[in-house]
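Student: I am new to this structure and would like to learn how to read it. Could we go through it together, one feature after another?
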Amino acid sequence: MVAASRAIVLLGAQRFNPTLGEAADELGVRGKIATITAGWQERETEDDDLREHLGERTINLRLHARADVIFREDPEFRDAHRARQALLRHRQDFYRIRLEHELAAQHVIRNRVAPAEILAEESRASIQSIRDLDRWHLEQCSHVRRDFEEKWKWVERDAIAKQRAELQKIIGDVDAVAIAGGHVAILLNRLELFGIADFLKGKTLFAWCAGAMALSERVILFHDTPPQGPGAAEVLDAGLGLVKGIVVLPQSEFRIKLDDTARVRTMAQRFAPSTCLGMPARSRMTVRRNRYSHVHDIVQIAVDGTHAPLAGEAA
Amino acid sequence: MIAPLKIDQLLKAGPTKSRIDAFIAENKFPIVQGEQATFVFRGQADKLILRHWIYGLESANELQRVPETDLWHLTLDVPPRSRVEYKYEIHRGSKSKWIEDPLNPNRARDPFGANSVLQGEGYELPEWTNPDPEARPGILEPLKFDSPTVGERHGHIYLPARFRRSRQYPLLVVHDGSDYLKYTQMKTVLDNLIHRLEIPDIIVAFTDSSDRLREYGNDVTHAHFVTEELLPELQRLLPLIDRPQARGLMGASFGAVAAFSTAWRYPRVWGRLLLQSGSFAFTDIGKRNHRGPLFDRVVEFINNFRDQPTAMSERVFVSCGVYESLIYENRSLIPLLETTGMEVKFVEARDGHNWENWRDRLREGLSWLFPGPLMFVYE
């Protein structure tokens, strides 16, 4: 569900063969577009391709560089922020340790021979344990953030307030905001640092890959074949929650083994009732008032482990 | 239906000179057919012996000469994905010498020279060991350090591409650093794995010892040097993350003993250990292992650890080749490590005690100990 009737367009990877311009045309967005490329980190301003693709009408908000300015100008806050990030990393480490054991238990249960009703019950209980752990981790992250916010009230600090005022002005003057992919944790961090969500109300949004993940309620890290062995999908943190009821899974064409039914079933059941959506390159959809339209090439993963193209309403 | 061995086909057809010429010209050697490998040599000799380093097989296997020819051959069972290093011991008159296989261009180099390499069916040289033109290269800077306890030391520091002093990096200290650089292409491996986001930007200290058998075999002075002298100096010079999770030690053979025993002497300092084919000799009774007095201090250390296993680190990656005698010691260590609460990953390979085995395990080990941002980057 979308907070207002504005359109939010989620897209697959834009690096090669982008579809962003097409989506903007479809919505009749003709004016300036603010871009957020903070997920690219130091390469944030290497956005020539994006600017050219959108017809030289973009204004890069440079959130990564602006954060560096804040950290330079306000070292006390920088140190506190760094300490909070270390705390969040610890939480993530411990969550991952516990999660791997829960997933291992689920794997063992799945392969046991036992009466069907017992197996079904134990399997449900095992999935519930994983869901509980996911929720617990989200709560811990939320506590860390809330404590930090209460203590530091950072949006009121001079260095940040100054940057926020500039950002508010820029965003206020554009027709839409486009949020690129990249490092999702860093992107989320910068979006939160500047309280960007406050300025997005009513704006048409375009977001792809990590950007699309950041707009959802929960950011799920996933990769079925990392070099260190089978990867376990893990909850990173809450997203901005501007798009509800879905889990965004970009680059699904090479990150998810869709034919491994048991594996994708576990994933879909873990995050239900949210719907897991694989978003390969060139996929996209428009979300408006809890309805999908202009759906292209999105893969919906069902709780029984099957997958099929996502159906959407016509525009 | 199993295809007949090519050597048998030649022998059945009648090994005339022209047929042998064609056989040599048409095949790659050793000839790998499924799980069988045929070693072939052509030349004058009185006796020819295959020398290999597969623990569990006879280390000397005689090749048979095809009567009235200069062709020699031997067929052995070699499981898929194996890598076997070997030489020929050629006897002529009263003299003998070890030579590399002149029909096989594959070589593995090490500090003692080079060996020929048999690559079993399914073995592939990992592509991430080759330079990737898209991977931005890090830089190697010479490291010179005057230690109050062990004297002047040299080595190299690897700094990742895009190194910035304003950032903080994990640190990995590598024993036998120059050998790792030379024989495992570790700089190329680091460049590639960082480029692929499989490991983070990382600083690596490649260190050497002038007397490794003494210093690496459970030596208190060495542990002191690494932890109380080298580490603080690196922390002073470089922007390092000050957490055990971001500090690793690694090594192979005696270098693995050095890493393990250093971490044991300084628990909770080194949060990541990469131990390859560790010379973890121990005894169940008595103090002298069959490997000899060189291992006495190693035996003392491993026996102590076996008596009282303790968590000195957080994550330990152990690898070993199944064709090396140390596989027994390494397999024996794993359940003990696991009892301590440390996270342990053990990987076996059909390979021996050599640098290419250690090279081939680097990706799995490094990415498990220091996971890169692969799970975080979606673009």
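Tutor: Gladly! Let's begin with chain B, which has eleven helices and 19 strands; helices (H or I, at least four residues) and strands (E, at least two) are DSSP runs, numbered from the N terminus. This is a predicted model, where local features need pLDDT of at least 70, side-chain atom pairs count only at pLDDT 80 or more, and totals for chains, interfaces and linings use all residues. Residues are numbered from 1 along each chain as its sequence is written, chains are lettered from A and ligands numbered from 1 in the order in which they are written, and side-chain values use heavy atoms, with hydrogens and water left out.

Student: Into which domains is chain B divided?

Tutor: Domain bounds come from an automatic or database domain assignment. Chain B is split into domain 1 (6-119) and domain 2 (127-375). The C-alpha centres of these two domains of chain B are 36 Å apart. Contact means heavy atoms within 4.5 Å, and 15 residues of domain 1 of chain B are in contact with 13 residues of domain 2 of chain B.

Student: What share of the residues in chain B is buried?

Tutor: Buried means under 20% relative accessible area, exposed over 50%, and partly exposed in between (1.4 Å probe, protein chains only). In chain B, buried residues are 56% of the 379 residues.

Student: Where does the second largest pocket lie?

Tutor: A pocket is an open set of points on a 1 Å grid over the protein atoms alone, where a 1.4 Å probe fits, with protein on both sides within 12 Å along at least five of seven lines; lining residues have an atom within 4 Å of a point. Here, domain 1 (6-119) and domain 2 (127-375) of chain B both give residues to the lining of the second largest pocket, so the pocket lies between them.

Student: Which residues are the closest to the centre of that second largest pocket?

Tutor: Of the 33 residues lining the second largest pocket, B:Asp110, B:Phe112, B:His353, B:Asn354 and B:Trp358 are the closest to its centre. The elements giving two or more residues to this lining are strand S7 (83-92), strand S10 (113-119), helix H5 (212-215) and helix H10 (355-360) of chain B. S7(B) gives the most, with four residues.

Student: Is A:Phe71 buried or exposed?

Tutor: A:Phe71 is buried, with a relative accessible area of 13%. You can find A:Phe71 in helix H3 (residues 63-73) of chain A.
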